[in-house]
Amino acid sequence: MRSEDQRDALPKPVLPDVAAARAIGPEAAVEARWEGIVLSWEWLQQDIGHGPGSCHDGLVRLLKAARAEPRLGRLFPWTSHHDLHFSLSTSSPWTAAGVPFAVPLDGGGYQVRGQGGAGVLGTPATPEEAVALLVDHLPPDLGPVFNHPADEPR
């Protein structure tokens, strides 16, 4: 773990404004969120000094792999307790629409679970394998990403 003095030396990244991106459209909000969530978790991983095999490292690697996959990269990502979730809506309440989620495991590897934690779909060893399993379990009729009406510019 880094000391307080070292933390002061590591400035927080400037994150994209997701709310401003929402005003452009849901696709812009998704892109801003992907950029911001990766930057945030990279910074946190460096700030607290968690290295290879940690949940932080696993999540950063998973985020990058998921963002690179077009079918997942078009969805709005959000994290909770190191789990990576996806939504069709660009703000809460999230709309998972049957999309599974992934959990990095301590010591390496991942667990892919059905929406709402409904069963383990697999325990892949790499982020790329986790992404492939997520994609394999995407609903075939997944709709477009959207802003909630309250998020739309007036």
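Strands β3 and β4 pair in the antiparallel sense over 4 bridges, where two strands are said to pair if DSSP finds at least two bridges between them. Helices (H or I, at least four residues) and strands (E, at least two) are DSSP runs, numbered from the N terminus. Between F101 and β4, the bridge partner is R113. The two strands β3 and β4 form a hairpin with 5 residues between them, and in its turn G107 has a positive phi of about 85 degrees. The structure is a predicted model, in which local features need pLDDT of at least 70 and side-chain atom pairs count only at pLDDT 80 or more, while totals for chains, interfaces and linings use all residues. Residues are numbered from 1 along each chain as its sequence is written, and side-chain values use heavy atoms, with hydrogens and water left out.

Strand β4 also pairs with strand β5 (residues 120-122), again in the antiparallel sense, over 2 bridges; here V112 has G122 in β5 as its bridge partner. The hairpin of β4 and β5 has 6 residues between the strands, and G116 takes a positive phi near 70 degrees in it. In a regular strand the side chains alternate between the two faces of the sheet. For β4 (residues 110-113), Y110 and V112 make up the covered face, whereas Q111 and R113 make up the uncovered one.

## Aromatic pairs

A pair of aromatic rings is described by the distance of the centres and the angle of the planes. Rings of Phe, Tyr and Trp (its six-membered ring) pair if their centres lie within 6.5 Å, and planes under 30 degrees apart count as stacked, over 60 as edge-to-face and the rest as tilted. By this rule the count comes to 3 aromatic pairs. One of them is formed by W34 and F86, a tilted pair with 6.3 Å from centre to centre and 45 degrees between the planes. This pair links distant parts of the chain, since W34 lies in helix α3 (residues 26-48) and F86 in strand β2 (residues 83-87), 52 residues apart. Both W34 and F86 are buried, where buried means under 20% relative accessible area, exposed over 50%, and partly exposed in between (1.4 Å probe, protein chains only).

W78 and W94 form a stacked pair, with 5.6 Å from centre to centre and 15 degrees between the planes. W78 lies in strand β1 (residues 76-80) and W94 in the loop between β2 and β3 (101-104), so the pair ties together parts that are 16 residues apart in sequence. W78 counts as buried because its relative accessibility is 18%, whereas W94, with a relative accessible area of 33%, is partly exposed. Together with F76, these two residues, W78 and W94, form one aromatic cluster.

## Backbone features in the loops

Most residues other than glycine have a negative phi, and most peptide bonds are trans. In this model, a cis peptide bond joins S92 and P93, with omega about 5 degrees, and P93 lies in the loop between β2 and β3. A97, found in the loop between β2 and β3, has a positive phi near 50 degrees although it is a residue other than glycine. A97 is partly exposed, because its relative accessible area is 36%.

H82, in the loop between β1 and β2, is a residue other than glycine with a positive phi, near 75 degrees. Its relative accessible area is 23%, so H82 is partly exposed.

## H148 and its surroundings

H148 is placed in the segment after α6 (127-136) and counts as buried because its relative accessibility is 15%. Not counting residues up to four places away in sequence, H148 touches S89, S91, S92, P93 and T95, where contact means heavy atoms within 4.5 Å. H148 and W94 are 54 residues apart in sequence, and their C-alpha atoms are 9.8 Å apart in space.

The side chain of H148 reaches the backbone oxygen of S91 at 3.1 Å, and a polar atom of that side chain lies 2.9 Å from the backbone oxygen of P93.

P11 lies in the loop between α1 (4-9) and α2 (18-24), and P11 is exposed because its relative accessible area is 60%. The C-alpha atoms of P11 and W43, 32 residues apart along the chain, are separated by 8.5 Å.

E69, in the loop between α4 (55-68) and α5 (70-73), counts as buried because its relative accessibility is 15%. Not counting residues up to four places away in sequence, E69 touches V131 and V135.

Definitions and conventions. A polar contact is a pair of N or O atoms within 3.5 Å; within protein, one must be able to donate a hydrogen and the other to accept it, and residues adjacent in sequence count only if both atoms are side-chain atoms.
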